[in-house]
Amino acid sequence: MTVRPLHFNAFIWPNGYHESAWRVVDDDVHGVLGLDYYLDIARIAERGLMDAIFLADTLAIAEYRVTHLPQTQFDPVVVLSALAAATSRIGLIGTGSTTYSKPWELARRFATLDHLSGGRAGWNIVTTVTPLAAAAFGEAVHLEHGDRYVRAHEFVEVVRQLWDSWADDAVVGDRGRGVWAERSRLRDPRFHGEFYDVDGVLPFPRSPQGHPVLVQAGQSTAGMGLAARYAELVFATPATLEASKAFRDNLRVQVAANGRDPDQLSVLPALMVTLGGTEAEAQARARHLEELASAEFHWQNTLYLAGFDPDDFDPDAPFPSNLTEKPAPSSLAERLIAAARARPEAPLREILRDLGGGPGQLHFVGTPEQLAEHIIAWQDEGGADGFTLMGSTLPYELATFTDHVVPLLQRRGRYRTEYRGRTLREHLDLSRPAGWGL
Ligand SMILES: Cc1cc2nc3c(=O)[nH]c(=O)nc-3n(C[C@H](O)[C@H](O)[C@H](O)COP(=O)(O)O)c2cc1C
């Protein structure tokens, strides 16, 4: 059987993805606010020959969060630009919102990162779940789930046209003729759609990858529809191997129905990992993190991730019945509403405790050998093309993965032993969009 090489994306989060991570690591608590923290992780991921590092973006934080865990929501593209200078191969994926950005400025930011990194940029397309973003951006309303995704299609379409607004051969640098670039090799999108009007080429030539790699994480029908149309890397979090296989199969069918090659898509489920030299050690580390976890944080955070403002809720009362009639702000909220309908008298706290879901719901605890087997099993069953690794603590889990899991995967012939390309597209075996005019 020939297997495609695995792909890995390292999710960077302050001190680790587990909410208690910051309480167990030795680092200075302010360290996560400095460039060195990000540099250290990027270098470990690059040493592990990973495809990319990833930075999330949430645009507005609910204030309950500052009590429970470090808040370091910098602008991801700014951080990644700094990392581009200190790394040479690792892909740099940042998040950008289609609901709270303008297509021209977002296209420019990510194409800038692509130029500065020599073709290593990726854009995680999100529609922004939290309603708090509306107030932060001075908007009267936060658009509903379905409307956000309808707009997102048009938004991505415009961005792609902007990335193509210079032909690859536009710059001629003809000193004799005094022509730096051929004006005839520009193509203004002159886009006039239902939501966006965009005239004007980008203010610099086409970037090394043509288009930064398009990434998506939505799991709702609308989210998968957006991914099927555009995404080249998807990091969803189905709860089980069976669910992940069904998700990946379904997405590949939808990708083909959009006239695209399903092999031009990597599905890298988000997997939180806690490692130890022995299984007992890994279990003890995971248990310690859980013992420190806060039940208060849990109910608030699940509401926040689902797209609600936790301050509006009483955890000891039932889920407000009027909210079950309104459109759900996310697929997680859909599950919450279904659970609340099934148990209308139950306190919200109990419903949320039993709900699960969210990016950290898949949690692997074990040794490097066990993790290597787990990864291979998921790949062989068709549940994943690799993983988005969320170290429960950082940098420990990522360093352990690089030093102890990577060699096992390499020995099994599942993982690269060196970077063959320079761009993120090359790492992911993605073709470069042709653009126009050549
Ligand atoms: C691993 C992972 C990372 C995500 N990162 C972000 C993020 O940085 N910013 C954001 O607004 N949403 C993020 N999301 C949320 C998704 O983009 C999406 O909005 C959410 O899953 C709800 O969409 P859905 O209803 O289509 O599932 C992330 C989701 C996952 C699973």
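Two residues are said to be in contact here when heavy atoms of theirs lie within 4.5 Å. The structure is a predicted model, in which local features need pLDDT of at least 70 and side-chain atom pairs count only at pLDDT 80 or more, while totals for chains, interfaces and linings use all residues. Residues are numbered from 1 along each chain as its sequence is written, and side-chain values use heavy atoms, with hydrogens and water left out.

Leu 106 has its place in helix α5, residues 103-116, where helices (H or I, at least four residues) and strands (E, at least two) are DSSP runs numbered from the N terminus. Because its relative accessible area is 0%, Leu 106 is buried; buried means under 20% relative accessible area, exposed over 50%, and partly exposed in between, with a 1.4 Å probe and protein chains only. Although Leu 106 and Val 159 are 53 residues apart in sequence, they are 7.6 Å apart in space, C-alpha to C-alpha.

The largest nonpolar core has 70 residues, of which Phe 8, Met 50, Ile 53, Trp 123, Phe 401 and Leu 409 touch the most other members. Helix α7 gives the most to this core, with eight residues. Apart from this core lies another, of 23 residues, among them Trp 13, Phe 54, Ala 62 and Leu 424.

Leu 394 sits in the loop between β14 (386-391) and α15 (396-411), and it counts as buried because its relative accessibility is 3%. Its contacts, leaving aside neighbours within four places in sequence, include Phe 11, Trp 13 and Tyr 37. Leu 394 and Leu 424 are 30 residues apart in sequence and 23 Å apart in space, C-alpha to C-alpha.

We turn now to the ligand. Around it are 21 residues, of which Asp 57, His 145, Tyr 149, Ser 220 and Ser 331 come nearest; a residue is near a molecule or strand if one of its heavy atoms lies within 4 Å of it. β4 (121-126) and α7 each supply at least two residues of this shell. The UniProt record, an unreviewed entry, places the feature "binding site" at Asp 57, Thr 95, His 145, Tyr 149 and Ser 220; its positions are given in the numbering used here, feature names are shortened, and annotations may be inferred rather than shown by experiment.

His 145 lies in helix α7, residues 145-163, and counts as buried because its relative accessibility is 12%. Ser 220, found in the loop between β9 (213-216) and α8 (221-230), counts as buried because its relative accessibility is 6%. Leaving aside its neighbours within four places in sequence, Ser 220 is in contact with His 145, Tyr 149 and Ser 331.

A polar side-chain atom of Tyr 149 lies 2.7 Å from an oxygen atom of the ligand, and a backbone N or O atom of Gln 219 lies 2.8 Å from an oxygen atom of the ligand. Taken alone the ligand exposes 620 Å², and the protein buries 90% of that, with accessible areas coming from the Shrake-Rupley method with a 1.4 Å probe; for residues, only the protein chains shown count as cover.

Notes: Core = buried A, V, L, I, M, F, W, Y, C linked by side-chain atoms within 4.5 Å. Polar contact = N/O pair within 3.5 Å; in protein donor to acceptor, adjacent residues only side chain to side chain.
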